[in-house]
Amino acid sequence: MSPAVVLLLLLLAEQAAALAEPQLCYILDAILFLYGIVLTVLYCRLKIQVRKATVACEKSDAIYTGLSTRNQETYETLKHEKPPE
């Protein structure tokens, strides 16, 4: 049963009147605890996916590593010499 359904049942007048205050508190604490676990799992899963995507991107960039022209200027001047006459 999802937490929203449980919360809806607790908000009904008959159900809420039947529960004593400590029991209601325990139920709400359990819902909050489960919500925290779900959010933590989703956050960890997202972090792992981002790491895998970063590693995959770095591997694809490794293909072009040998093609860099760091030692050369982007535009080199052409030396135009007149043909010998």
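Biologist: Is S2 buried, partly exposed or exposed, and how is that read?

Modeller: Buried means under 20% relative accessible area, exposed means over 50%, and partly exposed lies in between, with a 1.4 Å probe and protein chains only. In this predicted model, S2 has a relative accessible area of 37%, so S2 counts as partly exposed. Residues are numbered from 1 along each chain as its sequence is written. Local features need pLDDT of at least 70 and side-chain atom pairs count only at pLDDT 80 or more, while totals for chains, interfaces and linings use all residues, and side-chain values use heavy atoms, with hydrogens and water left out.

Biologist: How far apart in space are S2 and I31?

Modeller: Their C-alpha atoms are 9.4 Å apart, across 29 residues of sequence.

Biologist: What percentage of the chain do buried residues make up?

Modeller: Of the 85 residues, 1% are buried. The chain exposes about 8600 Å², with 64% of that area supplied by carbon and sulfur atoms; accessible areas come from the Shrake-Rupley method with a 1.4 Å probe, and for residues only the protein chains shown count as cover.

Biologist: How many disulfides does a search of the whole structure find?

Modeller: A disulfide is a pair of cysteine sulfur atoms within 2.5 Å. The search finds 0. C25 is partly exposed at 41%, and C44 is partly exposed at 40%.
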